[in-house]
Amino acid sequence: MRRIYIYQQLSWPQFNWDYEAILPVLAAVRHKQGKLKGYMEALGFTLRNETSLKNLTQDVLKSTEIEGEALNQQQVRSSIARKLGMDIAGLVASDRQVDGVVEMMLDATRNYKALLDSERLFGWHSELFPLGKSGMHNLTVGRWRNNENGPMQVVSGALGKEKIHFEAPEASCLNKEMKSFIKWFNTENVLDPVIKSAIAHLWFVTIHPFDDGNGRIARAIADMQLARADEDDQRFYSMSAQIRIERTAYYNVLEKTQKGNLDITEWLLWYLNCFSKALNTTDTNLKTVLNKTKFWDKHLQTTINERQRILINKLFEGFTGKLNSSKWAKITKCSADTALRDITDLIAKGILEKEAAGGRSTGYRLIE
């Protein structure tokens, strides 16, 4: 028996949900969101920019990781900083793929007031796949998918043992489906804007209008709607980073909802709770930014060279593994002797200290 997906329901896309179950969770999230917005508005220009850069970087990295791909963190951060005109240390060159993902995310969040239309979506898709390929596979880029390779399916498992998680609407329906979605998204309505973000995410990824990149574009649309909810083009939390942490649950609730009826209560509750955790994580990011700012304020008159400045900032931003003299030399492109002199100088100034293990495995960390 052929399964009926949510878009095949007679009243699609007239979603419904249990208001009594949703309202207390929504109220708590909106309260938390309002407190964060007020707090961020009280911060200075530099801190706001630092926090926004950190969260935009997380959004780009984690939204891509959800799809099983990895981008270079330094390239992403550098690409965002350049496009926003931010003068920060340690910028590196970024490749076309990174720049494309960044361009899409910035257009969605910085230009959140602009209307969504098919041409804008086609532009985002072209930015995601500048070479017209996903891996070794050619894609239909910058327009809706067709049925040349059969129906669009979300599949897992080894060859011959595939499991079909979802089959998207026929390509012949896409013009009609996307016109309906775009009209709804651009229309002012009585929906709470965070609920609208959750529905937009689900609705778009269910239509699945492109050959590839549907998840990333769905999350960009959801972030665009969250920016409308905040009425702010700066990002102070990363929804994609939290979804990445809960990726298995994310895919499970999407699949369950897409195979259910038009009651999307479970999806909305999951989305709201995920959003709540994303707002909580912002507290940790803010602490990092504030500590970094306090450090540089304290050492305004301290002589610190450019190599030292780059590594100190990396330690604040989350250095992977143990910092030792060989990593220092490699990152700053200097000799081992110069790296050791830089480190010894910072120890003498009370900025770095040795970790417990010594000898060849000596590592260094910032003094709290």
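The model is predicted, so local features need pLDDT of at least 70 and side-chain atom pairs count only at pLDDT 80 or more, while totals for chains, interfaces and linings use all residues. Residues are numbered from 1 along each chain as its sequence is written, and side-chain values use heavy atoms, with hydrogens and water left out.

Select Val-98 to begin, which sits in helix α4 (residues 96–110); helices here are DSSP runs of H or I with at least four residues, numbered from the N terminus. Val-98 counts as buried because its relative accessibility is 2%, where buried means under 20% relative accessible area with a 1.4 Å probe and protein chains only.

Next, select Gln-33, Leu-36, Lys-37, Asp-230, Asp-232, Gln-234, Arg-235, Phe-236 and Tyr-237, which line the largest cavity. The lining divides into 3 nonpolar, 2 polar and 4 charged residues, and helix α1 (residues 19–42) gives the largest share, 3 residues.

Finally, move to helix α10 (residues 247–258), whose 12 residues should span 16 Å at 1.5 Å a residue, and whose end C-alpha atoms are 16 Å apart, which agrees. Within α10, the buried residues include Tyr-250, Val-253 and Leu-254.

Conventions
Helices (H or I, at least four residues) and strands (E, at least two) are DSSP runs, numbered from the N terminus. Buried means under 20% relative accessible area, exposed over 50%, partly exposed in between (1.4 Å probe, protein chains only). On a 1 Å grid over the protein atoms alone, a cavity is a set of points where a 1.4 Å probe fits but cannot get out, and a pocket is an open set with protein on both sides within 12 Å along at least five of seven lines; lining residues have an atom within 4 Å of a point. Ala, Val, Leu, Ile, Met, Phe, Trp, Tyr, Cys and Pro count as nonpolar, Asp, Glu, Lys and Arg as charged, and the others, Gly among them, as polar. The expected span of a helix is 1.5 Å times one less than its number of residues.
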